[in-house]
Amino acid sequence: MARQLDFYFDCSSPWTYLAFHAIQPLAAEAAAEIVWKPILVGGVFNAVNQTVYDSRAKPNPRKQAYMLQDLDAWAKLYGLDIVFPPKVFPVNSVKCMRGAFVALDEGKLVPYATAAFEAYWGNDLDIAQEAVLADIATRAGLERQRFFAGIETDSCKARLRANTDELIARGGFGSPTIFVGDQMFFGNDRMPLIKAALDAT
């Protein structure tokens, strides 16, 4: 049986932007298949992690300063440009994440998510806007009309809800969340543990 990891993600998370780039070479080195699982992280927060909203409203200044330093250090390590906070934060990522299923069905999830992450975190663009989404779709090689029709279908809406509910049921509380079998790993900095779990399978 091939090694496999489940990658639950929402493009609205800066740590997920980092993890998305880090997980791909890790999986390739481990000869593991990545099962991409688009979610709506706001749905997860509303259900099981509402303290996120409290910390955003009243951030601890010391933790906030360290987080900015940490984010910058990880981005430099991966050779990525990252803007934090972006002009629109948090962003409404619902349509963007529905679009991930259109891309997934056409075998273009990675270029689509790459374009979405780069638009929001690299170029500080609002991924809730139609013009931005259209450019993301084009960059991923998706036909515009089919893309926008797809994100309004009941199927895409249901699949996004299903993945979000699935993550909650598995014990998840945010993005990125990665599973190797039943072992859950949360965050960009868990890559060595994920590699060890894959090597043990």
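**Figure 1. Helices α2 and α9 pack at an angle of about 40°.** This close-up comes from a predicted model. The axes of α2 and α9, the latter spanning residues 154-169, lie 9 Å apart. Angles under 35 degrees would count as roughly parallel, so the angle here makes α2 oblique to α9. The crossing of α2 past α9 is right-handed. On the α2 side, the contact uses G43, V44, A47 and V48. Their partners in α9 are T164, L167 and I168. Sorted by class, this contact holds five nonpolar residues, two polar ones and no charged ones.

**Figure 2. Helices α1 and α4 cross at roughly 25°.** Two packed helices are described by the angle between their axes and the distance between the axes. For α1 and α4, the axes come within 11 Å. The two helices are therefore roughly parallel to each other. Their crossing is left-handed. From α1, the residues in contact are P14, W15, L18 and A22. From α4, they are M67, D70, L71, W74, A75 and Y78. Nine residues of this contact are nonpolar, one is charged and none is polar.

**Figure 3. The largest pocket has a volume of about 1,100 Å³.** Its lining consists of 34 residues. Closest to the pocket centre are W15, V52, S55, R56 and M67. Four helices each supply at least two lining residues: α1 (14-29), α2 (41-48), α3 (51-57) and α4 (61-78). Helix α4 gives the most, with six residues. By class, the lining of the largest pocket has 18 nonpolar, eleven polar and five charged residues.

Figure 4. Most residues other than glycine have a negative phi, and most peptide bonds are trans. P85 sits in the loop between α4 and α5 (94-105). P90 lies in the loop between α4 and α5 as well.

**Figure 5. A31 has a positive phi.** The value is about 55°, although A31 is not a glycine. A31 is found in the loop that runs between α1 and β2 (32-38).

How values were computed
Residues numbered from 1 in each chain as written. Predicted model: local features only at pLDDT ≥ 70, side-chain atom pairs only at ≥ 80, totals over all residues. Heavy atoms only, no water. 1 Å grid on protein atoms, 1.4 Å probe; cavity = no way out; pocket = protein on both sides within 12 Å on 5 of 7 lines; lining within 4 Å. Points joined across faces, edges and corners; volume = space filled by probe spheres on them. Nonpolar A, V, L, I, M, F, W, Y, C, P; charged D, E, K, R; others polar. Axes fitted to C-alpha atoms, helices over the stretch in contact; angles between N-to-C directions. Parallel < 35°, antiparallel > 145°, perpendicular 65-115°, else oblique. Left-handed = near helix turned anticlockwise from the far one by under 90°. Contact = heavy atoms within 4.5 Å.
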